[in-house]
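Subject: Structure handover

Hello,

Here is the structure I promised you. Please open it and keep it beside this email.

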Amino acid sequence: ARVSQGTMSSVLKSGVRAALAQWKRGYASDAVAKTSSGGGGILQGILGGASRITVPLTQALPDIEVPTVATVPAPPSPASTEITTMSNGVKIATEATYSTTASIGLYVECGSVNERSGLTHMLDKLAFTTTANRSTFRITREVEALGATVGSGAGREQMIYAIDGVRTSIPEMMEVLVDSVVNPLFNTWEVKEKQQQALKDMEELRENPQALLDEGVHAAGFSGGLSNPLIAQPQTLGNIDPYELAENLRSYVKYTFTGSNMVLAVSGAEHSEIVPLAEQLLASVPPTVPEVTQEIREPSKYSGGQILLPPVDDMNHMVLAFEFAGGYKNLKGSTVLQVLLSMLGGGGSFSAGGPGKGMHSRLYANILNNYNWVANCSYFSSIYNETGLVGVSTSFFGGDSRQLIDALCGELEAIANGKFTDEELQRAKNASISQVLYSLESKAIICEDIGRQVLLYGKRFPVPEFLDELQKVTKKDLADGVKVLLKSKPTFVAIGSFDDQLYSDVIQKRFS
């Protein structure tokens with residue numbers, strides 16, 4: 001039916017009047033509503049004009065009663081980590097963060113140091129797949145229904161399985177997590193599918209210079225377990241039948257996923273809430289047999305050395321590293337190392353220039369700002385339980401590689417000789433403290449910190465204690481720490497066009 005123009009105009013006017021009346025009623029107070037009664041229409045009232053609220057933000061609105069909200073009292077002391085050890089050796093470590101969300105992780109003392117066949121890589125690929133109680137599809141649907149996120153990570157000495165979600169879903173999240181880690185089924189067809197994905201990772205590795213450098217520096221720097229590849233190799237993993245591979249995975253989990261090799265870490269829940277659940281879910285984990293653990297784990301020894309690889313892109317890439325003796329078990333050295341890495345700093349040349357950017361670290365100031373053909377230069381650090389690698393990493397276009405190595409060596413030697421100011425030292429300590437506190441804003445990182453420390457030390461060091469130790473680092477501590485580093489045989493890995501004699505003629509002679 002047709003609607004006349006007059007009728008349509010009447011309807012529109014009525015609608016505008018109704019909207020204006022409703023808009024006026026929406027004001028918080030009559031005092032403000034009165035100021036809006038002037039002319040100008042609804043659009044002027046919404047977009048500005050005579051009806052705008054003129055009360056400054058520093059003052060309360062007139063005729064508004066602000067309800068009194070009870071403040072939540074601050075905890076009497078900083079959150080602490082509580083630890084319970086089960087009868088089978090599994091440790092349960094929690095920290096209450098009084099948040100609506102929680103992070104849960106299972107940390108296992110195993111990695112590529114235990115094997116050379118790519119089993120660690122495969123376990124990462126097969127995380128949260130079919131178990132004795134759940135199919136992969138069911139695990140996926142349960143995680144989605146919980147609104148949670150899951151993840152896993154494989155390292156050279158440890159493996160991580162994690163789930164994050166709302167705090168009210170902790171029992172369900174723990175059940176999915178523990179079932180996925182403790183009761184994997186390793187269906188042959190799933191193993192075959194993930195085996196192909198793992199082999200594809202190796203193909204992609206050949207085009208990733210940073211990943212190649214990381215694998216190469218371990219192969220050049222160590223003999224034994226830490227030299228084993230973290231990414232599965234085609235000549236080993238590719239030649240294993242999926243059925244045999246599934247059997248190998250079951251045996252590997254049986255002998256490594258054991259009591260004292262595992263820590264359940266939770267950030268965001270009370271200890272009394274977690275322990276009863278964990279004791280029920282983890283009761284089937286067998287205790288660790290020390291003799292078996294020693295038999296499986298291959299000892300590592302630092303050796304130093306050189307590996308040169310052909311180019312993968314139009315840039316040259318290299319890492320120069322030295323042994324960090326003692327690894328994370330060297331507590332004093334680890335604290336000094338944190339300050340050293342902040343002092344070296346570094347990053348990409350894209351952000352190196354311009355005033356006011358705060359790029360005060362030595363690698364920014366002395367390398368990136370002086371060599372315009374260097375695209376990236378930063379510290380390198382790969383630390384393990386009892387040893388590690390520390391040095392510098394760089395990528396550059398053309399240029400003189402000998403000149404660049406000479407400059408990088410000069411930076412390390414300058415710190416070893418104490419040629420840095422008190423201001424630089426304090427800035428590095430402040431940067432280290434800031435980085436620690438910023439990282440611990442995340443519950444996932446708190447959970448990881450709990451899991452890794454309890455797995456290695458059997459306890460977690462209080463954060464204020466660590467920050468105090470950072471502040472106590474002296475100029476002599478830093479210089480002496482770098483001197484110890486430089487006494488070890490250098491490890492040099494390069495990708496691109498490099499002189500074969502660079503290591504022997506320049507690096508070894510300089511640090512002989």
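Predicted model: local features only at pLDDT ≥ 70, side-chain atom pairs only at ≥ 80, totals over all residues.

Residues are numbered from 1 along each chain as its sequence is written, and side-chain values use heavy atoms, without hydrogens and water.

**The chain**

The protein chain has 20 helices and 14 strands (DSSP runs: H or I of at least four residues for helices, E of at least two for strands). It has 512 residues, and 45% of them count as buried (under 20% relative accessible area, 1.4 Å probe, protein chains only). Take the contacts with a separation of 6 or more: 79% are between residues 24 or more positions apart (contact means heavy atoms within 4.5 Å).

**The rings**

There are nine aromatic pairs (Phe, Tyr or Trp rings, the six-membered one for Trp, with centres within 6.5 Å; planes under 30 degrees apart are stacked, over 60 edge-to-face, the rest tilted).

Y161 and F257 pair edge-to-face, at 6.2 Å and 65°. Y161 lies in strand β5, F257 in the loop between α10 and β7, 96 residues apart. Y161 is buried at 4%, and F257 is buried at 6%.

F322 and F511 are also edge-to-face, at 5.0 Å and 75°. F322 sits in strand β10, and F511 in the segment after α20. Both F322 and F511 are buried.

Ring pairs also join Y371, W373, F396, F492 and F498 into a cluster.

Best wishes

Notes. Buried < 20%, exposed > 50% of the residue type's maximum accessible area, 1.4 Å probe, protein only.
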